[in-house]
Amino acid sequence: MTIKKFLEVLAVSISLATAGAGAAPVDRTIAVNGLKIHYVEWGSAEKPPLVLLHGIARVAHSFDHLAPHFADRFRVIAIDMRGHGDSAWDPQGSYMVEDYTKDIAAIVRELKLKDMVLWGNSTGGRVVQMIAGQMPELVRAVIVEDVGPERPREVSNGRADRMAKEADGWATFDDLYAQAQKENPRTPEAILKPFVQHASKRRDDGRIVWKRDPAILNGFVPTELWATVKKIRAPLIYVLGGASNIVPPQTQMDIRQELKQSEIVMMPGLGHYPSDEKPAEFIAIVERFLAALR
């Protein structure tokens, strides 16, 4: 690590440590496409919007350790996508990327958002790519975390197996948290435990389960979004975990070929959620990207 990069990461680390003061989020709901959607907001409505979208089985509060850092410059809006967290479950079990995108597009219109910076991880990263391709005139920049325009079949199959094992839930919160620690060994407790608390609930039978509609699995199928993604005009940065296989080398080559305004940054040794594992380093990358837009 260069001295310059070290100082950047140190500055972000200090910012993260102090960001909680005066940056309390506000919980809101909005009705779109017949569903009540929950979102969390930081900062002033007068600032340009930074829209944050989580991955499958995650929630808006997944960004609690990141959002306050940007609240002085942005209206930060983290959304529980349909079927997740405190948002409504779709009665038809419609959870394709296109369904999530339809909701986010409606929220953008309802809140009259423009000049947006979009940031999504995992499935949320696919959705922000779709929004940027469908609404290019409203998007200033796109940050995509460890996902590309494609979801291979092997990734889809892996999610199905995992959700089947989790269907019965856990006897206690501590049991669920212990499982989360095994699956996310590089994520600090200060980030992982609040996420698990926000993303779980007690079922009627007393078992602890994730806050999600089991039908979200309906949408976890092989996906290819290039027709829309090619229409993106805004600068993009793809930040990938070096220990993740979600965006294979061929897809990285395709991104560079099709999206000349894009940049790919690899974070060595990290997994599918690098912003959880090393948030200060991730934010330093984002800050450099945003600074280049000015």
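Contact means heavy atoms within 4.5 Å. This is a predicted model: local features need pLDDT of at least 70, side-chain atom pairs count only at pLDDT 80 or more, and totals for chains, interfaces and linings use all residues. Residues are numbered from 1 along each chain as its sequence is written, and side-chain values use heavy atoms, leaving out hydrogens and water.

**The sheet**
- Eight strands form an open sheet with mixed pairing, in the order β1-β2-β4-β3-β5-β6-β11-β12. Strands are DSSP runs of E, at least two residues; helices are runs of H or I, at least four, and both are numbered from the N terminus.
- β1 (26-32) and β12 (262-267) are the edge strands, each pairing on one side only. Two strands pair if DSSP finds at least two bridges between them.
- β5 pairs with β6 (residues 139-145) in the parallel sense, over six bridges.
- Tryptophan 119 has isoleucine 143 in β6 as its bridge partner.

**Helices on the sheet**
- Helix α4 (residues 123-134) lies across β3 (49-53), β5, β6 and β11 (236-241). α4 runs at about 150° to β5. Axes are lines fitted to C-alpha atoms, for helices over the stretch in contact, and angles run from 0 to 180 degrees between N-to-C directions.
- Helix α11 (residues 279-291) also packs on the sheet, touching β5, β6, β11 and β12.

**Asparagine 121**
- Asparagine 121 lies in strand β5 (residues 116-121).
- Asparagine 121 counts as buried because its relative accessibility is 4%. Buried means under 20% relative accessible area, exposed over 50%, and partly exposed in between (1.4 Å probe, protein chains only).

**Helix α6**
- Leu176, Tyr177 and Ala180 are buried in α6 (residues 173-183).
- On the other side of α6, Asp174 and Lys182 are exposed.
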